[in-house]
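Here is a short note for a colleague opening this model for the first time. Please read the points with the structure in view.

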Amino acid sequence: MEIDIISEDENPMLHRSDVRFEIVHEEATPSRLSVRDSLAAKLNKDSDEVVVHELDTKFGMRKTVGYAKVYESPDFARDIEQDYMLDRNKIEGAEADADAEAEEA
């Protein structure tokens with residue numbers, strides 16, 4: 001799987017970069033988590049700072065175009081992103097931390 005960055009736009013107000021990328025793959029469309037980990041490695045970021053929003057593969061093609069938001073820290077991602085998007089990207093939210101503390105008590 002090879003990732004090429006198409007565009008990267010800074011968004012300082014929300015402490016993130018909006019990244020459009022293209023993936024060339026040999027097998028089936030890669031999973032959201034494998035794309036997130038590969039993109040984080042390419043951008044020298046932690047995988048909890050990358051939220052993949054969109055993956056689009058045309059039928060029969062070995063090329064996927066995607067859109068991700070890369071935050072400055074995982075805390076900014078938890079504060080800004082919606083819960084369902086955090087769940088899709090397997091990023092632990094503040095609710096999970098509160099639930100874990102409640103279970104311990």
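1. **Terms and basis.** A residue is buried when its relative accessible area is under 20%, exposed when over 50%, and partly exposed in between, using a 1.4 Å probe and protein chains only. The model is predicted: local features need pLDDT of at least 70, side-chain atom pairs count only at pLDDT 80 or more, and totals for chains, interfaces and linings use all residues. Residues are numbered from 1 along each chain as its sequence is written, and side-chain values use heavy atoms, with hydrogens and water left out.

2. **The sheet.** Helices (H or I, at least four residues) and strands (E, at least two) are DSSP runs, numbered from the N terminus. Two strands count as paired if DSSP finds at least two bridges between them. Four strands make an open sheet in the order β1-β2-β4-β3, and their pairing is antiparallel. β1 (2-11) and β3 are the edge strands, each with a single partner, so one side of each has no neighbour in the sheet. From one strand to the next, the twist averages 20°. Angles run from 0 to 180 degrees between N-to-C directions, and axes are lines fitted to C-alpha atoms, for helices over the stretch in contact.

3. **β1 with β2.** These two strands run antiparallel and are joined by 9 bridges.

4. Contact means heavy atoms within 4.5 Å. α1 lies across β1, β2, β3 and β4, and runs at about 120° to β3. The buried residues of α1 are Val35, Arg36, Leu39 and Ala40. They cover an arc of only 130° around the axis, so they sit on the same side of α1. That arc is taken from the directions from the helix axis to the C-beta atoms. An α-helix has 3.6 residues a turn, so residues three or four places apart point the same way. The cover over the buried residues of α1 includes β1, β2, β3 and β4. After α1 comes Asn44, with a positive phi near 55°.

5. **The nonpolar cores.** A nonpolar core is a set of buried Ala, Val, Leu, Ile, Met, Phe, Trp, Tyr and Cys residues joined through side-chain atoms within 4.5 Å. The largest has 12 residues, including Ile3, Phe21, Leu39, Val50 and Val70. β2 (16-24), α1 (32-42), β3 (50-57) and β4 (63-71) each supply at least two of its residues. Another core, of 6 residues, lies apart from it, with Val51, Ala77, Leu86 and Ile91 among them. In soluble globular proteins, nonpolar side chains tend to be buried together.

6. **Val50 and Asn89.** Leaving out residues up to four places away in sequence, Val50 touches several residues, including Arg36, Leu39, Ala40, Lys45 and Asn89. Asn89 sits in the loop between α3 (83-88) and α4 (94-104). Is Asn89 buried or exposed? Asn89 is buried, at 0% relative accessible area. With the sequence neighbours up to four places away again left out, Asn89 touches Arg32, Leu33, Arg36, Val50, Val51 and Val52.

7. A salt bridge is a side-chain nitrogen of Lys or Arg within 4 Å of a carboxyl oxygen of Asp or Glu. The whole structure holds 8 salt bridges. In one of them, Lys63 pairs with Glu22, the closest N and O atoms being 4.0 Å apart. Lys63 lies in strand β4 and Glu22 in strand β2, so this pair ties together parts 41 residues apart in sequence. Lys63 is partly exposed at 36% relative accessibility, and Glu22 is partly exposed at 22%.

8. **Other charged pairs.** Arg36 and Asp37 meet in a salt bridge at 3.8 Å, N to O. Arg36 is buried at 7%, while Asp37 is partly exposed at 38%. Arg36, Asp37 and Asp48 are linked in a network of salt bridges. Lys45 and Glu49 also meet in a salt bridge, at 3.9 Å. Lys45 is partly exposed at 32%, and Glu49 is buried at 11%.
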